Amino acid sequence: MKKGNILSALEKNGLIAVLRTDTVERAIAITDALIEGGIKNIELTFTVPNADIAIRKITEKYKDRRDILIGAGTVLDSTTAQIAHLSGAEFIVSPTFDKGTALLCNLYQIPYIPGCMTVNEMKEAMQAGAEIIKLFPSNIVGPAFVKNVKAPLPQLEIMPSGGINLDNMGDWIKVGCRMIGVGGSLLKPAENNDFAGVTKMAKVFVREYQLQTGELSNQYV
């Protein structure tokens, strides 16, 4: 899938599940549960042991589902980004901005979503080719930060990640965030191997996202 198509699909799907766990098998089980619940963007972090193997297995499993996007998270350098890319990751996410990673992603036309906390970092990331900026950890600054930054930089696309839950998701959407990174509050049931609970929670998050963005008509509420 071309870079532009991936970026469009990421925005269309909206929610990006940030998946952290301790084994490849659990990563696959959680991914299956999320997809069954309607979440189609999965960021599998490189804090997962053998994350490259998990990405390879998941992308192979869902190779015929072009609406499913599997990306790599916690990518700190270009070497890890290359491993993720070769394993099948379609987008790269990082908690920080790394110029070497940006250059590699530009070379292979992979969307790179670096984590930034200041306007200067965001400017540098955009100059290096990043089209989406991950505001991380977003709970430190809050939605008002996005509103204030987008006043002088309206072209900036910000994806908040960190501390997002059902109660505050709408606040981020109201200030112009179309992509939302969600982790702990979404995957809480997985801590007890309750994968059906993950699916149920995913459905709740998708419904709330659609309500807040106007994609779900009030007649169905």
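User: In this predicted model, which helix holds Leu186?
Analyst: The model is predicted. Leu186 falls within residues 184-187, and that stretch is helix 9.

User: Is Leu186 buried or exposed?
Analyst: A residue counts as buried when its relative accessible area is under 20%. Leu186 has a relative accessible area of 1%, so Leu186 is buried.

User: Which residues does Leu186 touch, not counting those up to four places away in sequence?
Analyst: Contact here means heavy atoms within 4.5 Å. With residues up to four places away in sequence set aside, the contacts of Leu186 are Ala17, Leu34, Ile39, Met201, Ala202 and Phe205.

User: How far apart are the C-alpha atoms of Leu186 and Thr199?
Analyst: Along the chain, Leu186 and Thr199 are 13 residues apart. The separation of their C-alpha atoms is 9.4 Å.

User: How many bridges join strand 1 to strand 2, and what is the bridge partner of Ala17?
Analyst: Strand 1 (residues 15-19) and strand 2 run parallel, and the bridges joining them number four. In strand 2, the residue bridged to Ala17 is Ile42.

User: How many bridges join strand 2 to strand 3, and what is the bridge partner of Ile42 in strand 3?
Analyst: Strand 2 (residues 41-45) also runs parallel to strand 3, and five bridges join the two. Within strand 3, Ile42 has as its partner Ile70.

User: Why is strand 3 largely enclosed by the rest of the structure?
Analyst: On one side of strand 3, Leu69, Gly71 and Gly73 are buried, and on the other Ile70 and Ala72 are buried, which leaves both faces covered. Strand 3 (residues 69-73) is largely enclosed because its buried residues number five of the five.

User: Which residues of strand 2 are buried on each face?
Analyst: Strand 2 is mostly covered, with five of its five residues buried. On one side these are Asn41, Glu43 and Thr45, and on the other Ile42 and Leu44.

User: What is the strand order of the open sheet of three strands, and which strands stand at its edges?
Analyst: The pairing in this sheet is parallel, and the order is 6-7-8. Each edge strand has a single partner strand, so one side of each is left without a neighbour in the sheet; the two are strand 6 (115-116) and strand 8 (158-160).

User: What is the bridge partner of Lys134 in strand 8?
Analyst: Strand 7 (residues 133-135) pairs with strand 8 in the parallel sense over three bridges. The partner of Lys134 in strand 8 is Met159.

User: At what angle does helix 6 run to strand 7?
Analyst: Helix 6 (residues 119-127) lies across strand 6, strand 7 and strand 8. Its angle to strand 7 is about 155°.

User: Over which ring does the charged end of Lys134 sit?
Analyst: The charged end of Lys134 is 4.7 Å from the centre of the ring. That ring belongs to Phe136.

User: Is the peptide bond from Phe136 to Pro137 cis or trans?
Analyst: Most peptide bonds are trans. Pro137 lies in the loop between strand 7 and helix 7 (143-150). For the bond from Phe136 to Pro137, omega is near -10°, and the bond is cis.

User: How are the planes of the aromatic pair arranged?
Analyst: A search of the whole structure finds one aromatic pair. The rings of Phe97 and Tyr112 have centres 6.4 Å apart and planes at 40°, so the pair is tilted.

User: What is the phi of Thr74, and is Thr74 buried or exposed?
Analyst: Most residues other than glycine have a negative phi. Thr74, in the loop between strand 3 and helix 4 (78-87), is not a glycine but has a positive phi of about 55°. Its relative accessibility is 17%, so Thr74 counts as buried.

Notes: Residues are numbered from 1 along each chain as its sequence is written. This is a predicted model: local features need pLDDT of at least 70, side-chain atom pairs count only at pLDDT 80 or more; totals for chains, interfaces and linings use all residues. Side-chain values use heavy atoms; hydrogens and water are left out. Rings of Phe, Tyr and Trp (its six-membered ring) pair if their centres lie within 6.5 Å; planes under 30 degrees apart count as stacked, over 60 as edge-to-face and the rest as tilted. A charge sits over a ring if NZ of Lys or CZ of Arg is within 6 Å of the ring centre and within 35 degrees of the ring normal. Two strands pair if DSSP finds at least two bridges between them. Axes are lines fitted to C-alpha atoms, for helices over the stretch in contact, and angles run from 0 to 180 degrees between N-to-C directions. Buried means under 20% relative accessible area, exposed over 50%, partly exposed in between (1.4 Å probe, protein chains only).
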